[in-house]
Amino acid sequence: MIRRESNQGIGYSVVELNGVRHIFAAAVPRRGTSLREQTRDALTTIERVMQAEGTRDSIVSQSVFIADGGLIGECRQIIREFYGEHLPATSYIPQHPCQGNLVAIEAMGVGGGPGKVEIERHGEQLVVARHGGVAWTHVSQIVPKTDKPGIYDRTLDGLQHMREMLSGVNVCFDQIIRTWLYLGDIVGPEGETQRYMELNRARADFYEGIRFLTKHVPAGVREPVYPASTGIGTDIRDVIMSCLALATKRDDVIARPLENPLQTSAFDYMAAYGPKSPKFSRAMALTAGGCATFFISGTASITQQESQHIEDVEAQTNQTLDNIAALISESNLTQNGLPGRGATLRDMALARVYIKRQSDYVKTRRVCEERLGELPIIYAIADVCRPELLVEIEGIAFSHCGA
């Protein structure tokens, strides 16, 4: 079901679902010293892959990891020139690529036979891809508009801006299945508390009263339903957001939030981890028929609610991967009412690995390659939400279709 390919400078996965081809690519520049040279090299490599897989001009979203936030304006112009009218929803993430380049790019493309896929482009922040009776709305690069400096107010403002963008294409905020929240100085102080804690307080207040995905969550689910999410550090002192939302009239699409048998649910964390707990699911599983797609939240070396393997990056990386394996395992899926839809680490199609310290890159990559194989991965430098955590990993996985 998942075909992985690797070439110098790029790794990519191909997933075929119901006649639609999904391409997940991660590209690191192979040549050039300037931002323009490196960005165009990575983009050209991705374009070549998409063309070979029959999905040219079908990139719907991309994330650009950039070494210096001050280069975002120049990078945006380069990307606009490259894509022209086929511009994907693009996030610019101020995180230094571990390989030492100025940029690294992750991209997703979809394609199929005539009439299989319809793509609506509403500018560089919003793209809707329709296929199989489902509309996938990609929203990127949401930044607060308010002049208020506090991260609580800025998070509320950004979430409201996200809601307005979704509303513009007739999608409700409660249809979000996945968010990304990039926060500068994530573990730094904010008043009498911490910036990440203030982000969580704002998210909890904004989500209050929202019932996510009610048309698709099984009736027997008793725990709270929240989107999958990543909250991770960046190199600029602000918050940047993006999201993915699902809209469909199909009654066979099931959205099942997943919690991890090895971890306390984030929304049940003790008050020691913040005045209001992080409101996200460890993963969101979407199923239709015998297949499942897993949107895996940012995951770290935590069991129950305690950080593990302090100062040992290899052990933290292994524990993080153990947590992901348990999350998407057949036993956990069976426990959650989805027997036969479980997956393994080798069923992942894409991953991001956030590393706190550049000096830990080689060790972390070695563990990931041993356990994940030739998976397209972006490695980037970023603070994790607790000072003692050295690694965080997120990704997307697919189960094998049932008979």
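Helices are taken here as DSSP runs of at least four residues, numbered from the N terminus. In this predicted model, helix 4 spans residues 195–207, and Glu 198 is found within that helix. Because buried means under 20% relative accessible area, Glu 198, at 10% relative accessibility, counts as buried. Leaving aside residues up to four places away in sequence, Glu 198 touches Ile 151, Tyr 152, Glu 190 and Thr 193.

A further element of the model is an open sheet built from six strands, arranged in the order 15-16-17-22-20-21. Strands of a sheet pair through backbone hydrogen bonds, either parallel or antiparallel. In the present sheet the pairing is mixed. Strand 15 (253–258) and strand 21 (377–381) form the edges, each of them pairing on one side only. On average, neighbouring strands of this sheet are turned by 10 degrees against each other, direction ignored.

Ala 255 has Leu 286, in strand 16, as its bridge partner.

Two helices accompany the sheet. Helix 5 (residues 313–327) lies across strand 15, strand 16, strand 17 (291–299), strand 20 (348–355) and strand 22 (391–398), and runs at about 30 degrees to strand 22. Helix 7 (residues 361–372) also packs on the sheet, where strand 20, strand 21 and strand 22 are touched by this helix. The direction of helix 7 makes about 160 degrees with that of strand 21.

Technical notes:
Residues are numbered from 1 along each chain as its sequence is written. This is a predicted model: local features need pLDDT of at least 70, side-chain atom pairs count only at pLDDT 80 or more; totals for chains, interfaces and linings use all residues. Side-chain values use heavy atoms; hydrogens and water are left out. Two strands pair if DSSP finds at least two bridges between them. Axes are lines fitted to C-alpha atoms, for helices over the stretch in contact, and angles run from 0 to 180 degrees between N-to-C directions. Contact means heavy atoms within 4.5 Å. Buried means under 20% relative accessible area, exposed over 50%, partly exposed in between (1.4 Å probe, protein chains only).
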